[in-house]
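Welcome! Here is a short tour of one model, starting with a single residue and moving on to a helix and a sheet.

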Amino acid sequence: MKPQANLLLALDIGTGSCKGVVYDLNGRVVCEANASYEVQRPAPQWVEQQPEDWWTAVIEVCHKLVDQVDSNAIAGVGLSGQVPTMVLVDENTMPLTPAITWQDRRADAEAAWLRDHSTHQERLVWFGLDLPVDAGWPPARMLWWRRHQPDALRRAHRVLMAKDFVLARLTGTFASDAWSIKGLINLTSHQRPVDFYRRIDVPERIAPDVLPPFETAGRLTTLAAQATGLPEGTPVVTGLSDALCGMVGTGAFQQAGIAFDLTGTSDIVGCSGVESVPGLLHIPSSVVGGVSVLYGPTQSGGDSLTWFAEWTATEIDTVIVAAAQAVPGVSGIVFLPYLNGERAPLWDTTARAAFVGLMRTHTLGDGGRAVMEGVAMSARHILELCGVTPGASRTIRLAGGGTKSDVWNQIRADVLQSPVELIQQANATTLGAAMLAAVGAGLYADLAHAAVMIDIQKRYAPTPDLAGYYQTLYDRFRALYPLLKSLESVPPHRSGEGKVS
């Protein structure tokens, strides 16, 4: 650690932007910066990004930050990023393909092939966890590259997640934490599953090495220092996915019984100290240290509200104001937020969104409120699988971009019928990355000690008079998905059938 160095830099390579935040040892934000980049959708179900855009954004963010603080006061850098967002790179960290983002669903056929050509027990042995066989996970995407871009795969040195690409650019180290590359390695042994790679005819060397998330993976190279303005030799820890960094920032890995909802483009919902159940992901205590966590990622959280604003040609702020003015407990509208399929707990790429119960008298505010309620009901679905039931004394911790709206925070409390509390540092993801950096720099002995950086800002109590209404609405929400799925078996109408002449 450098003399007088008592600040921590967190870099989060998110879906729409790179966020950089400098924290002090009490978790207070010293300064922050942001640089956006584009998402490309070149074909149906394809969602890509250009990795060079991530690096350009990192450079821009770092320069904005070092203009505000003494860079020599930065003790370490913590990394976070969207997962699974994957790119093939050569030995010089040059991208060989666009990055396939976590929202991409192109590998449906490959996921089906894996289901047909491997058993559940084989996959448990390969990956060390009950990983869903889904188009969004690394195994199906590796097979997609093998089938559709074999030349790029042949020339690739490693496959990297977004934060690991930045780590390699900053330090020259090709590494990741075990959880971010689940499906590429065995979560328990951290070894590459040779039989899996042989099954899909991909060389196992493609997976990066595994390091603990709070370990210094490398130090800033001369070239990276010149590019970013940060001092050469600054330590950079391995980091975690954005979801797990957010969990660190809520204290979930430090204490059992912490329920959380990390709001953003999608929501990450779960509880610590809970045993594994089907449909959700279980993080063993060995992955981060501390206690285990059970959670599920949804597919469309804040993105549902973004879509609704675009669909109605309205600014999001206007939708939020209208939703706040709509009378709660009246509209009866149910919204299923499956705009791009659904991840946990359904794991169904063919699931579709729906409004049910619309009437001519409903307003923009009613629709906006229904979208917020539908997203909250998705969170409730996951929390109930975690054993967190409405009316329980347990409080749910909220963090992330979706917490900026007071009305949405209150809706969450009402739908969940549980108190919710807002983390002071709304961006728990960058806070968690900073906490990892603090441990890696030796400023705190472990994450339990680093938990002093977490602070609670505000609490929202559920409205008792709305409990019955939201129970009815939630029951309809849960019933609608299987009903709509059953319609898929209805044969399509053929032109001319039923025509009266």
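A residue is called buried when its relative accessible area is under 20%, exposed when it is over 50%, and partly exposed in between, using a 1.4 Å probe and protein chains only. This is a predicted model, where local features need pLDDT of at least 70, side-chain atom pairs count only at pLDDT 80 or more, and totals for chains, interfaces and linings use all residues. Residues are numbered from 1 along each chain as its sequence is written, and side-chain values use heavy atoms, with hydrogens and water left out.

Let's begin with S118. Because its relative accessibility is 9%, S118 counts as buried. You will find S118 in the loop between α2 (108-116) and α3 (120-127); helices (H or I, at least four residues) and strands (E, at least two) are DSSP runs, numbered from the N terminus. Leaving aside residues up to four places away in sequence, S118 touches R123, W126 and R199, where contact means heavy atoms within 4.5 Å.

| S118 side chain to | Distance |
|---|---|
| L114 backbone oxygen | 2.5 Å |
| R123 side chain | 2.9 Å |

Next comes helix α12 (residues 316-325), whose buried residues are V319, A322 and A323. Seen down the axis of α12, these residues fall within an arc of 100°, so they line one face of the helix; the arc is that of the directions from the helix axis to the C-beta atoms. Exposed residues D317 and Q325 sit on the face turned away from the buried side of α12. The buried residues of α12 pack against α11 (302-311), α13 (364-385) and α14 (406-416).

Finally, the sheet. Seven strands form an open sheet with mixed pairing, in the order β16-β17-β15-β14-β20-β21-β22; two strands pair if DSSP finds at least two bridges between them. β16 (281-283) and β22 (456-460) stand at the edges with a single partner strand each, so one side of each has no neighbour in the sheet. Strands β20 (residues 396-400) and β21 (residues 420-423) run parallel and are joined by three bridges. Within this pair, L398 has L422 in β21 as its bridge partner.

Methods. A polar contact is a pair of N or O atoms within 3.5 Å; within protein, one must be able to donate a hydrogen and the other to accept it, and residues adjacent in sequence count only if both atoms are side-chain atoms.
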